[in-house]
Amino acid sequence: MKKRVIIIGGGIAGLSAGIYSAMNGFDTEILEMHSVAGGQCTAWDRKKYRFDYCLHWLVGTSKGAFHEIWKETNVINSETVIVNHEIHSRILDQDRNEFYIYSNIDRWEKYLLEIAPEDEIPVEKMCNDMRKSALLEPFSLPPELRSPLDYIRIGPKMLPVFNVVRKFGRLTCKEYFDKLNFKSERIRSVFYSMYGERNFSALAFIFMLGWFHQKNAGYIIGGSYPLAQRMAEKFESLGGKIFYKRRVDKIIVENDVAKGVILTDGTRIEADYVISAADGYSTIYKMLEAKYVSKQVDFAYKNWELFTPLVQVSFGIKKAIKAEEPIIVNLSKELMIGRTRLGNGFSVMNYSHDPTMAPEGKSVIIMRFDSPWELWQSIGGEEYENEKLQIQKDATVLLEKEFPGITPFIEVVDVATPKTDVKYTGVKDGAYEGFMPSKENMMKSLKMKLPGLQNFYMAGQWLFPGGGIPPSAQTGKWAVQLICKKEKQTFVSDKV
Ligand SMILES: Cc1cc2nc3c(=O)[nH]c(=O)nc-3n(C[C@H](O)[C@H](O)[C@H](O)COP(=O)(O)OP(=O)(O)OC[C@H]3O[C@@H](n4cnc5c(N)ncnc54)[C@H](O)[C@@H]3O)c2cc1C
């Protein structure tokens, strides 16, 4: 008899866990509350336009442990087209002065020295820190399965990375910028305005360009939805079963061993192992009724800051509008969109680099801004609908400023709020990437096992502050590696 593995959630972590579980011969079922797989990694269609929610870049498009996962899970196959943007983003300050971030660190350094020759020393220091970060190599095995040899093998290569972590691991971006002491008002205003006002880890900033520099964080044509679909197809081709509109309410535990799940409609499903790839808080505090909480988990959920949720306004434009850069970040801060004051500005993404998003001769432009959960948690009914209408109006005015004359060409507008995200994925307080990477938690992760509970594993973005598709998929793989170890069976993985 094959052992049975139940996976809660069909986001990237759940799909990855499902693929490796089925690949290793387990009778595997994924239970997903929504009607499609992908979780945060999703998109929706409106009148032949596709509005993508997630994918901008995928770490591991060319090499490394994540790349292996993408090949094994069918995220990357022989037909996948990858785009490496030269420009990472274009920034506009309050007065619409332009500032560029290039994906290649050498090119960015040259640009920064051109606009701020007085900052030769801090620019070179910062770019050197970033170059060192590019040497980072993710481990392929979970911590429990690594041998001292695994650390010795990567040690010398990673020494420069360890030094960057040691020096800046406990700094915020602001503290890091203070240390560098830029003189140029232009650099100071962009850096402080973008990253300086939040408890955002300096390492998250330093590591930002490392992967791009190596062309190892490309965009996959088609975006989020086909990416998740390819994973779901791979899972089903291995004999796995995915059930939609099945919401798990409780995890069955007998004598501290997970034995299956109970759905919200009361259905009981028995299993030998349970992997939860659903929202972390709901899993630990609701499905398991807070009976298996370590001190670290308790501390994290009480103290670590969550990502501020976002509003996405998607525009279908009946006109081709080309863009050189995938993202424009507008740092105008005191503007209002609906009831949200734009504390962190807003961003505009033109998908002209992906022909699958709009019919020929047309364009998709997406606007996003942070909007605290407190503004959304108790709003409903007519008030909610009116707020969406106001957002649509205000966002259209801002779009017109970015692209003068565009308004008559707007054919479709779609507003997705933090409530939309919570409704379809159950993510806590709309925190779409889990815990914010701050100076306190950037180098920390939460354990996949909960204390005292057997045959149960956590997977997904809530284990690593900062979230992202790669760690989500990796923890799905790791959960199955741990199950194989427990079953005393050799873990296997096949490429596409
Ligand atoms: C706007 C945006 C942009 C992003 N950009 C990028 C990017 O460019 N690159 C990148 O790497 N990452 C990006 N991310 C982050 C990335 O999408 C997430 O970190 C990752 O997809 C999380 O995957 P997950 O499987 O851990 O969680 P989720 O995607 O949240 O999946 C959880 C799944 O569990 C299901 N579920 C929840 N509760 C239950 C229940 N009780 N019963 C059954 N099912 C349940 C949900 O419906 C969902 O499908 C972005 C995210 C967003 C929102």
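1. The chain contains 15 helices and 22 strands, where helices (H or I, at least four residues) and strands (E, at least two) are DSSP runs, numbered from the N terminus. The radius of gyration of the chain is 23 Å, close to the 23 Å that the globule rule gives for 496 residues, so the chain is as compact as a globular protein of that length; the radius is taken over C-alpha atoms, and the globule rule is 2.2 Å times the number of residues to the power 0.38.

2. A word on the basis of these remarks is in order. This is a predicted model, in which local features need pLDDT of at least 70 and side-chain atom pairs count only at pLDDT 80 or more, while totals for chains, interfaces and linings use all residues. Residues are numbered from 1 along each chain as its sequence is written.

3. Taken along the principal axes, the box filled by the C-alpha atoms of the chain is roughly 65 × 55 × 45 Å. Of the 496 residues of the chain, 46% count as buried; a residue is buried if 20 or more other C-beta atoms lie within 10 Å of its own, exposed if 12 or fewer, and partly exposed in between, with C-beta atoms placed from the backbone.

4. The domain assignment of the chain gives domain 1 (4–55 + 223–305 + 433–486), domain 2 (103–219) and domain 3 (310–427), with bounds that come from an automatic or database domain assignment. Between the centres of domain 2 and domain 3, taken over C-alpha atoms, there are 30 Å.

5. The ligand is surrounded by 38 residues, the closest being Gly9, Gly11, Gly39, Ala278 and Gly460; a residue is near a molecule or strand if its C-beta atom, placed from the backbone, lies within 6 Å of it. The elements that give two or more residues to this shell are α1 (12–23) and α15 (469–486). At least three residues of the shell come from each of domain 1 and domain 3. By class, the shell has 18 nonpolar, 16 polar and four charged residues, where Ala, Val, Leu, Ile, Met, Phe, Trp, Tyr, Cys and Pro count as nonpolar, Asp, Glu, Lys and Arg as charged, and the others, Gly among them, as polar.

6. Helix α5 (residues 148–168) deserves a separate look. A straight helix of 21 residues would span 30 Å at 1.5 Å a residue, but α5 spans only 25 Å between its end C-alpha atoms; the expected span is 1.5 Å times one less than the number of residues. In α5 a kink of about 70° lies at methionine 158, shortly before proline 160, the bend at a residue being the angle between axes fitted to the seven residues ending there and the seven starting there. Of the 21 residues of α5, the number buried is two, so α5 lies largely in the open.

7. Lysine 48, in the loop between β3 (43–46) and β4 (49–52), has a phi near 70°, a positive value in a residue other than glycine. Lysine 48 is exposed, with 11 other C-beta atoms within 10 Å. Aspartate 256, in the loop between β11 (248–254) and β12 (257–263), has a phi near 65°, again a positive value in a residue other than glycine, and aspartate 256 is partly exposed, with 13 other C-beta atoms within 10 Å.

8. Some pairs of residues show how sequence separation relates to distance in space. Methionine 33, in the loop between β2 (27–31) and β3, counts as buried with 20 C-beta neighbours inside 10 Å; methionine 33 and lysine 245 are 212 residues apart in sequence and 4.3 Å apart in space, C-alpha to C-alpha. Phenylalanine 315, in strand β15 (residues 310–317), is buried, with 26 other C-beta atoms within 10 Å, and its C-alpha atom is separated by 9.8 Å from that of arginine 50, 265 residues apart along the chain.

9. Two helix residues complete the picture. Lysine 125, in helix α4 (residues 120–133), is partly exposed, with 14 other C-beta atoms within 10 Å; the C-alpha atoms of lysine 125 and leucine 180, 55 residues apart along the chain, are separated by 7.8 Å. Glutamate 236, in helix α10 (residues 224–237), counts as partly exposed with 15 C-beta neighbours inside 10 Å, and the C-alpha atoms of glutamate 236 and leucine 288, 52 residues apart along the chain, are separated by 28 Å.
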